[in-house]
Amino acid sequence: MKTREEIITEINARMAEEFEIDESKIQPEGTIFDTLELDSISLIDLVSIVHVNFGIKIEKEELPGIKTFADLYDYIEQHQQ
């Protein structure tokens with residue numbers, strides 16, 4: 001299992017690379033949609049990144065509860081095997 005710090009480091013790096021933004025713009029309290037400028041197709045990319053890198057499948061009905069990066073870190077931390 002990865003520590004919270006490892007999760008944060010890895011997910012921030014992947015998101016910055018995939019969505020071509022400066023990693024410093026990714027803050028725990030920042031909203032994912034606004035920071036990454038997501039649309040519905042980009043959302044699939046985000047879910048895929050989490051699945052590929054952490055082996056965690058985010059269920060469709062759980063997505064509305066993941067609003068900030070802190071929510072995403074919490075979700076990954078709680079669901080890792």
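Student: Is Glu-37 buried or exposed?
Tutor: Relative accessible area decides this, with a 1.4 Å probe and protein chains only: under 20% is buried, over 50% is exposed, and anything in between is partly exposed. Glu-37 is found in the loop between α2 and α3. Its relative accessible area is 66%, so Glu-37 is exposed.

Student: What kind of model is this?
Tutor: Residues are numbered from 1 along each chain as its sequence is written, and side-chain values use heavy atoms, with hydrogens and water left out. Local features need pLDDT of at least 70, side-chain atom pairs count only at pLDDT 80 or more, and totals for chains, interfaces and linings use all residues, in what is a predicted model.

Student: How far apart are the end C-alpha atoms of α1?
Tutor: Helices here are DSSP runs of H or I with at least four residues, strands are runs of E with at least two, and both are numbered from the N terminus. The expected span of a helix is 1.5 Å times one less than its number of residues. For the 16 residues of α1 this gives 22 Å, which agrees with the distance between its end C-alpha atoms, namely 22 Å.

Student: At what angle do α1 and α4 pack?
Tutor: Two packed helices are described by the angle between their axes and the distance between the axes. The axes are lines fitted to C-alpha atoms, for helices over the stretch in contact, and angles run from 0 to 180 degrees between N-to-C directions. For α1 (residues 4-19) and α4 (residues 69-79), the axes are 10 Å apart and the angle is about 120°.

Student: Which word describes α1 relative to α4?
Tutor: Angles under 35 degrees count as roughly parallel, over 145 as roughly antiparallel, 65 to 115 as roughly perpendicular, and the rest as oblique. The angle between α1 and α4 is about 120°. That makes the arrangement of α1 relative to α4 oblique.

Student: How far apart are the axes of α1 and α3?
Tutor: In this pair, Ile-7, Glu-10 and Ile-11 are among the residues of α1 that meet residues of α3, including Ser-42, Asp-45 and Leu-46. α1 and α3 pack at an angle of about 140°, and their axes are separated by 11 Å.

Student: Which residues does Glu-10 contact, leaving aside its neighbours within four places in sequence?
Tutor: Glu-10 lies in helix α1, and because its relative accessibility is 18%, this residue counts as buried. With those neighbours set aside, the contacts of Glu-10 are Lys-2, Asn-53 and Phe-54.

Student: How far apart in space are Glu-18 and Ala-70, C-alpha to C-alpha?
Tutor: Glu-18 is found in helix α1 and is partly exposed, with a relative accessible area of 40%. Leaving aside neighbours within four places in sequence, Glu-18 is in contact with Asp-45 and Ile-49. Glu-18 and Ala-70 are 52 residues apart in sequence, and their C-alpha distance in space is 19 Å.

Student: Which helices are included in what covers the buried residues of α4?
Tutor: The buried residues of α4 are Phe-69, Ala-70, Leu-72, Tyr-73, Tyr-75 and Ile-76. What covers these buried residues includes the helices α1, α2 and α3.

Technical notes:
Contact means heavy atoms within 4.5 Å.
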